[in-house]
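Welcome! Please take a look at the sequence and the structure below, and then we will walk through a few of its parts together.

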Amino acid sequence: MADITAVPDEPGQPPALTAPVLAQAASQSIVREQIITPFDVSGGVDETGKVVAINYDKLIDTFGSKKIDQALLDRFEKVTGHKPHRLMRRGMVFSHRDLDLILDKYEKGNHLFLYTGRGPSSDSMHVGHSIPFEFTKYLQEVFNVPLVIMLTDDEKFFHAPKLTLEDCHKFALQNAMDIIAIGFDVKKTFIFIDTDFVDGGHGGAFNRNVRVIGKRTTINQIKGTFGFGDSNNIAEFGFPAMQSATAFATSFPFIFGTNTKQVAKIPCLIPCAIDQDPYFRQCRDNAGKLGFVKPALIHAVFLPSLRGAETKMSASDPDSSIYLSDTDKQITKKIGNAFSGGQDSRELHRQLGGRTAVDIPFQYLRFFLEDDDELERIRARYESGDMESGELKKRCAGVLHEYVGAFRKRRAAITEEVRDSYLRPRGLEWGDRKSDAEMRDREIERLEKRLAELRAA
């Protein structure tokens with residue numbers, strides 16, 4: 001594995017509920033609610049002192065988002081003509097805000113764009129980082145639309161006492177090359193590093209939107225959403241306006257044009273992990289007041305730590321993570337040491353079977369194994385006791401060898417020149433005329449069907 005330079009993912013915040021902290025709390029029988037913020041992610045501790053996994057259904061209720069149900073998946077497939085991604089089929093992309101409205105607009109032939117990002121906290125990404133980008137790539141191919149990727153080197157600097165701005169910028173440059181290696185289309189993808197773009201010659205419209213959003217956002221709103229207090233620096237309070245500005249097409253006139261009234265109507269779909277939702281709740285609260293379309297969101301669960309499902313994979317803990325720079329040997333060793341849902345003895349395992357809900361190798365297969373039928377066969381065999389933990393770990397390691405190995409080959413081809421072509425502000429391509437025509441044909445077909453239904457009624 002490459003030499004990983006890392007700092008804690010959540011510096012400057014109240015102490016994170018890492019596994020050791022949770023274990024200590026458990027020993028004291030202290031009940032703790034789960035914590036999900038952009039700076040702190042952990043399960044809670046129940047009344048028996050047991051460390052519990054993240055409850056995503058509870059998050060839907062807490063955050064006020066909507067569950068992605070089978071009806072929405074069916075509509076997604078009907079409107080786009082594409083089978084839902086494995087993460088959608090298996091419930092790892094589980095929640096949304098206004099995805100139904102995005103599908104309505106797409107079905108009518110309206111344009112949209114995608115936006116996602118990363119806060120660069122180390123010079124190498126792990127597979128937990130790659131999963132949201134892989135899903136974003138799928139959405140880009142399905143909708144055939146431009147994508148904007150924001151690398152928030154400034155945010156990491158604001159929140160990390162031990163990091164310099166130069167550190168964060170260096171991480172962003174390296175992370176950009178990792179992200180490009182996921183396979184994004186350069187003709188449809190613009191990646192920007194905050195400190196380069198915002199202060200550069202093309203950041204004027206972006207900065208205008210930051211100021212407009214900032215004026216609409218109060219200190220009390222930021223405190224209530226993020227839990228900030230008097231010890232947080234003023235840059236942390238101001239940053240949410242920057243992350244919000246990227247969700248508005250008028251921030252990028254070199255991509256979407258200078259007719260601000262028309263461009264402001266272009267909707268944005270943001271695929272992200274659920275911990276980023278607080279940023280965009282603020283954004284959505286203010287969007288309508290400023291004449292913008294509320295951005296839509298589609299939320300993913302976290303890839304759990306190798307240590308267990310109570311926390312997410314963390315760049316600050318190499319033993320909890322599979323890095324995209326890991327060798328096959330390192331991957332095999334890490335999966336071999338991963339938390340297992342197998343029983344304490346072979347005899348007991350054959351009698352009771354494995355516990356797939358807490359078994360990390362099985363959970364990783366849910367994320368990375370494409371074949372639904374094979375996944376179901378593995379689940380049935382493991383839960384029946386027919387498959388032992390060693391066999392399951394071997395299959396998981398093999399899948400990750402293939403996934404990470406393919407990434408390493410693509411990453412080797414990404415030069416600084418290639419990276420700079422994605423970072424250069426420029427126009428991006430939309431769907432071609434054929435795609436637009438197909439969308440119009442689908443809309444005509446829908447209207448004709450509806451007309452026939454009305455006549456028959």
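Let us start with a term: a residue is called buried when its relative accessible area is under 20%, exposed when it is over 50%, and partly exposed in between, using a 1.4 Å probe and protein chains only. Helices (H or I, at least four residues) and strands (E, at least two) are DSSP runs numbered from the N terminus. This is a predicted model, in which local features need pLDDT of at least 70 and side-chain atom pairs count only at pLDDT 80 or more, while totals for chains, interfaces and linings use all residues. Residues are numbered from 1 along each chain as its sequence is written, and side-chain values use heavy atoms, with hydrogens and water left out.

**An enclosed strand**

Strand β9 (residues 296-300) is largely enclosed by the rest of the structure, because 5 of its 5 residues are buried. A296, I298 and A300 cover one side, L297 and H299 the other, and all are buried.

What are the neighbours of β9? Two strands pair if DSSP finds at least two bridges between them. Strand β4 (residues 93-97) pairs with β9 in the antiparallel sense over 4 bridges, and R97 has L297 as its bridge partner. Strand β8 (residues 268-273) runs parallel to β9, joined by 5 bridges, with A273 partnered by A300. From β8 the chain passes through helix α15 (residues 277-287) to β9 in a right-handed β-α-β crossover; with the strands pointing away from the viewer, right-handed means that the path from the first strand over the helix to the second runs clockwise.

**Cysteines**

A disulfide is a pair of cysteine sulfur atoms within 2.5 Å, and the count here is 0. The sulfur of C268 lies 8.0 Å from the closest cysteine sulfur, in C283, which is too far for a bond.

**Aromatic rings**

Rings of Phe, Tyr and Trp (its six-membered ring) pair if their centres lie within 6.5 Å; planes under 30 degrees apart count as stacked, over 60 as edge-to-face and the rest as tilted. The whole structure has 32 aromatic pairs. Here are two edge-to-face examples:

| Pair | Centres apart | Angle of planes |
|---|---|---|
| F190 and F252 | 6.3 Å | 75 degrees |
| F368 and Y403 | 4.7 Å | 65 degrees |

F368 in helix α18 (residues 360-368) and Y403 in helix α20 (residues 389-412) are 35 residues apart. Both F190 and F252 are buried.

**Confidence**

The predictor's confidence in each residue, pLDDT, goes from 0 to 100. The chain averages 87, and 86% of the residues score at least 70.
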